[in-house]
Amino acid sequence: MSGTLLHVFCARALDLEPPRYCITCGRRMKVQVVPTGWTAECVQHGVSTGGTASPSAS
Amino acid sequence: VVTTHSWDERWSTLKMVRESGMEVCCGGILGLGETVEQRAEFAAQLAELDPHEVPLNFLNPRPGTPLGDQPVMDPKDALRAIAAFRLALPRTILRYAGGREITLGDLGTRDGLLGGINAVIVGNYLTTLGRPATQDLQLLQELKMPVKALSSTL
């Protein structure tokens, strides 16, 4: 399997993950997932929120 | 893979659950590295138990866990398993649970619903995300599968 194809799977898997690390400082965040969304809190940079995985064309 | 209780302990718990009048919900995770024969054995054991509901999970291999390097289950094998579990458990509520997004994708999710699944957990899971509930509801509508109950938390 080519490296590129492997990363297609990576991208698909990543879409199903809430963020775990702060994009500003890289600290591990406190993450909570509920049926309709997620919240991720960095001790330094505050809270970010989101919903479900991005809708895909089906 | 479980170390906190034995198979027999779980079996007797489920018997007690049934005898006390509760509905029995018991399923499992496929794609742990089991053989097709072990999958069939599991389906037969569930058939003997005859649970009201069977959640069918597919392993989402988590990096850093003992099964982190396990390959994601082949979608064709997952669909074969769905069909086989439906044949083994003709009257149960066979529920899509974790791992369907990563194992089956959109097309496979649709095929599974046509091949034996008749219940779906929608939205996110305990620690990972799922596809939007609206997308699954739309799919059920397309397939003319009526929604009997939607969790009030949505």
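Contact here means heavy atoms within 4.5 Å. Helices (H or I, at least four residues) and strands (E, at least two) are DSSP runs, numbered from the N terminus.

The model is predicted: local features need pLDDT of at least 70, side-chain atom pairs count only at pLDDT 80 or more, and totals for chains, interfaces and linings use all residues. Residues are numbered from 1 along each chain as its sequence is written, chains are lettered from A and ligands numbered from 1 in the order in which they are written, and side-chain values use heavy atoms, with hydrogens and water left out.

**Exercise 1**

Describe how H1(B) and H2(B) pack, and name the residues that meet.

Solution. 
- Step 1. The axes of H1(B) and H2(B) lie 11 Å apart, at an angle of about 30°. Axes are lines fitted to C-alpha atoms, for helices over the stretch in contact, and angles run from 0 to 180 degrees between N-to-C directions.
- Step 2. H1(B) and H2(B) are therefore roughly parallel (angles under 35 degrees count as roughly parallel, over 145 as roughly antiparallel, 65 to 115 as roughly perpendicular and the rest as oblique).
- Step 3. From H1(B), B:Trp7, B:Trp11, B:Leu14 and B:Arg18 meet B:Gln45, B:Glu48 and B:Leu49 of H2(B).
- Step 4. By class, this contact of H1(B) with H2(B) has 4 nonpolar, 1 polar and 2 charged residues (Ala, Val, Leu, Ile, Met, Phe, Trp, Tyr, Cys and Pro count as nonpolar, Asp, Glu, Lys and Arg as charged, and the others, Gly among them, as polar).

**Exercise 2**

Characterise the crossing of H2(B) and H3(B).

Solution. 
- Step 1. Helix H2 (residues 36–49) and helix H3 (residues 75–88) of chain B have axes that come within 9 Å and cross at roughly 30°.
- Step 2. That angle makes H2(B) roughly parallel to H3(B).
- Step 3. H2(B) contributes B:Arg39, B:Phe42, B:Ala43, B:Leu46 and B:Ala47 to the contact, and H3(B) contributes B:Asp77, B:Ala81, B:Phe85 and B:Ala88.
- Step 4. The contact of H2(B) with H3(B) has 7 nonpolar, no polar and 2 charged residues.

**Exercise 3**

Describe the packing of H4(B) and H5(B).

Solution. 
- Step 1. The axes of H4(B) and helix H5 (residues 133–142) of chain B come within 10 Å and cross at roughly 25°.
- Step 2. This makes H4(B) roughly parallel to H5(B).
- Step 3. B:Arg100, B:Asp106, B:Thr109, B:Arg110 and B:Leu113 in H4(B) meet residues of H5(B), among them B:Gln135 and B:Leu139.
- Step 4. By class, the contact of H4(B) with H5(B) has 3 nonpolar, 2 polar and 5 charged residues.

**Exercise 4**

Locate B:Asn60 and list what B:Asn60 touches.

Solution. 
- Step 1. B:Asn60 lies in the loop between S2 and H3 of chain B.
- Step 2. The C-alpha atoms of B:Asn60 and B:Gly99 are separated by 5.4 Å, although the two are 39 residues apart along the chain.
- Step 3. Not counting residues up to four places away in sequence, B:Asn60 touches B:Ile102 and B:Thr128.
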